[in-house]
Amino acid sequence: MANFNTHLNTAVIITGLGSATLLSAGHIDLNGALWLWVLGSIGGLLPDIDSDNSTSLDTIFNLFALSAVLLVLHYITTELIITISFVELIVVPLLVYGFMKYIVRPIFEWITVHRGSCHSLLFLLLCALLTTQVTWKLNDQSTAHAATFAWLAGGFVLLGGLIHLLLDELYSVDLNNVTIKRSFGTALKIADFDNKLITLASVIAIAGLIYVAPPIEQTITALSDWSDFRLLS
């Protein structure tokens, strides 16, 4: 399988080119392009979240913890409209980070197996739809651009994850000896059917996320127009 640097660098390059293309076509602004680039890069590490002792796992869970902190602070200050004191501004992030690191992460490590459910197209689709939903909820849903950007956010997570799985499969082929390693086929699979409970739960979650997903028609229409694309200024 490919190592951490290969996964990260490849995802950064390909998703960076993708976000730059959308920016040049006028589908997103510069801030949107940077966010999609970051999400695509994270997606490039996402399947290795099931590896208990990997750099990818540490990186992803630190990003998850940071995201959870920001979401909680955003909810408290905007939805509950509560003014946070200096002490609370320190305590709340520490509590959320500690919950993610010492409760959520050990549980996740306990229920997952490397190259199991997380190394599957089903898992990537679940993560992509979840990203779409969270992005949709956090943005102003009354704007025409919100749904399009939400779908793009999920799409870039999916793209980064697909890059990861494809790299793992490519590294399973020994071109020098023209042989296929035993790990071939364990990365790029539809689902981990050995773990039927997790697979069923993922299917149910995906169905629910599709049901509450933002409208996609406008996104398809917007992305079909490439009349503003400029290769050179």
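Trainee: What should I know before reading the numbers?
Mentor: The model is predicted, so local features need pLDDT of at least 70 and side-chain atom pairs count only at pLDDT 80 or more, while totals for chains, interfaces and linings use all residues. Residues are numbered from 1 along each chain as its sequence is written, and side-chain values use heavy atoms, with hydrogens and water left out.

Trainee: At what angle do H1 and H6 pack?
Mentor: About 145°, with the axes of H1 (residues 4-24) and H6 (residues 144-170) 10 Å apart. Helices here are DSSP runs (H or I, at least four residues), numbered from the N terminus. Axes are lines fitted to C-alpha atoms over the stretch in contact, and angles run from 0 to 180 degrees between N-to-C directions.

Trainee: Which residues meet there?
Mentor: On the H1 side they include Thr 6, Ile 14 and Leu 22, and on the H6 side Phe 156, Ile 163 and Asp 168. Contact means heavy atoms within 4.5 Å. The residues of this contact divide into 8 nonpolar, 8 polar and 1 charged.

Trainee: New topic. How many residues has the largest nonpolar core?
Mentor: It has 22, and Leu 22, Ile 28, Leu 36, Leu 46, Ile 49 and Phe 123 have the most contacts inside it. Such a core is a set of buried Ala, Val, Leu, Ile, Met, Phe, Trp, Tyr and Cys residues joined through side-chain atoms within 4.5 Å. Buried means under 20% relative accessible area, exposed over 50%, and partly exposed in between (1.4 Å probe, protein chains only).

Trainee: Which helix gives the most to this core?
Mentor: H6, with 6 residues. Another core, of 7 residues, lies apart from it, with Leu 122 and Ile 206 among them.

Trainee: And what does Ile 49 touch?
Mentor: Not counting residues up to four places away in sequence, Ile 49 touches Leu 57, Ile 60, Phe 61, Phe 64, Phe 108, Cys 118 and Phe 123.

Trainee: How many salt bridges?
Mentor: The count comes to 1. A salt bridge is a side-chain nitrogen of Lys or Arg within 4 Å of a carboxyl oxygen of Asp or Glu. Here the side chains of Arg 105 and Asp 58 meet at 2.8 Å, N to O. Arg 105 is in helix H4 (residues 86-111) and Asp 58 in helix H3, 47 residues apart.

Trainee: Is Arg 105 buried or exposed?
Mentor: Arg 105 is buried, with a relative accessible area of 14%, whereas Asp 58 counts as partly exposed at 35%.

Technical notes: Helix = DSSP H or I, 4+ residues; strand = E, 2+ residues; numbered from the N terminus. Nonpolar A, V, L, I, M, F, W, Y, C, P; charged D, E, K, R; others polar.
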